[in-house]
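Biologist: I have a structure open and a few things to ask about it. Can we start with the surface and then go on to the charged pairs?

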Amino acid sequence: MSDDYIFHTETPFYKHEISDNLSCDTYSMHVHTAYELIWFLDGDATHVIEDRKYKLKKGDLVLIRPFQYHFIQIDSPSRYERCNVLFDAEKHNVEGIDLISNKVEVISLAGSRIAEDIFLKCDFYHQSCPEDIFAKLLSHLLSELFYHIYLFPESPTNESLSLSPLISDALQYINENLCTIEDMDQIAAKLFVSESYLFRLFKKDLHQTPKKYIMEKRLLLAQKMISSGEKPSDVCEKCGFSDYTTFYRNYTARFGHSPSKKHQR
């Protein structure tokens, strides 16, 4: 099983998940152009966002921003419950999220009657309403949630732990030079380690290879640029692909349609 789904931006995504005895590798690391919210209700899990990890507690609200690699790590098999939302803040008219500091990623909402009421309403409307009406209601409920967090900031934030200083340095370098990196040896040389060591560290801490990490972020950047009206051939070069054939093949495999064709649901 994997979290690596393609998010369709026409309507927000909502799911209330309850599972038993999940394996530790149930969820894979992934990235998308949407915002994602996870309201954690039960389980033994850690959430990893880029080079940071958070041990989750009941009532934690995880806020993942666009283009951030992340995954849930199941620490031990047990009952697991969460509410999961993906949305495009602009397209879905979700307000208030820009008022929350970019440094805030996990907020404790344990005991918050307002947060509980908002997600109970999400459950009810999701089960009872047509998709288009639910999408409008969800936008209002999410806006209320973000305004509440902004106006009443007494909810403590969950402090992160760093995966490792080397991973932090590697991700900083990659994200600052995303479209100009030519090979993995370039990153390894910058960090004064071997390419094989860098590969093992990525697989251990991020459950991902450096090459796949870079490819996914380049493809999402390309998707965003194409949706804003840029030509695929220009985007291919700007995003660091060596040739259009490679870009076309990877783009089509990732999104299910060619760079020149807009996605249709």
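Biologist: Which residues form the nonpolar patch on the surface?
Modeller: Leu 99, Tyr 147, Tyr 150, Leu 151 and Phe 152. Together they have about 480 Å² of accessible area. Bear in mind that this is a predicted model.

Biologist: Where is Leu 151 placed?
Modeller: In helix α2, which covers residues 131-151.

Biologist: Is Leu 151 buried or exposed?
Modeller: Exposed, because its relative accessible area is 55% and the cut-off for exposed is over 50%.

Biologist: Salt bridges next. How many are there in the whole structure?
Modeller: The search finds 12. One of them joins Lys 55 to Asp 44, with the closest N and O atoms 2.4 Å apart. Lys 55 is in strand β4 (residues 52-55), and Asp 44 is in the loop between β2 (35-42) and β3 (45-49), so the pair links distant parts of the chain, 11 residues apart.

Biologist: How accessible are Lys 55 and Asp 44?
Modeller: Lys 55 is partly exposed at 42% relative accessible area. Asp 44 is also partly exposed, at 24%.

Biologist: What does Lys 217 form a salt bridge with?
Modeller: Glu 50, with 2.7 Å between the closest N and O atoms. Lys 217 belongs to helix α6 (residues 210-227) and Glu 50 to the loop between β3 and β4, 167 residues apart in the chain.

Biologist: Are Lys 217 and Glu 50 buried or exposed?
Modeller: Both are buried.

Biologist: And what about Lys 121, which partner does it have?
Modeller: Asp 117, the closest N and O atoms being 3.5 Å apart. Both residues lie in helix α1 (residues 113-128), four residues apart, about one turn of the helix. Lys 121 is partly exposed at 33%, and Asp 117 is partly exposed at 36%.

Biologist: Which residues are linked in a network of salt bridges?
Modeller: Asp 42, Arg 79 and Glu 81.

Biologist: Different topic. What does the side chain of Thr 11 contact?
Modeller: The side chain of Glu 131, through a polar contact of 3.5 Å. Thr 11 sits in the segment before β1 (13-19). Thr 11 counts as buried because its relative accessibility is 17%, and buried means under 20%.

Biologist: Last, the overall picture. How many helices and strands does the protein have?
Modeller: Eight helices and nine strands. Of the 265 residues, 49% count as buried.

Methods:
Residues are numbered from 1 along each chain as its sequence is written. This is a predicted model: local features need pLDDT of at least 70, side-chain atom pairs count only at pLDDT 80 or more; totals for chains, interfaces and linings use all residues. Side-chain values use heavy atoms; hydrogens and water are left out. Patches are made of residues with over 30% relative accessible area and no salt bridge: like charges are joined within 9 Å, nonpolar side chains (Val, Leu, Ile, Met, Phe, Trp, Tyr) within 5 Å. Accessible areas come from the Shrake-Rupley method with a 1.4 Å probe; for residues, only the protein chains shown count as cover. A salt bridge is a side-chain nitrogen of Lys or Arg within 4 Å of a carboxyl oxygen of Asp or Glu. Helices (H or I, at least four residues) and strands (E, at least two) are DSSP runs, numbered from the N terminus. Buried means under 20% relative accessible area, exposed over 50%, partly exposed in between (1.4 Å probe, protein chains only). A polar contact is a pair of N or O atoms within 3.5 Å; within protein, one must be able to donate a hydrogen and the other to accept it, and residues adjacent in sequence count only if both atoms are side-chain atoms.
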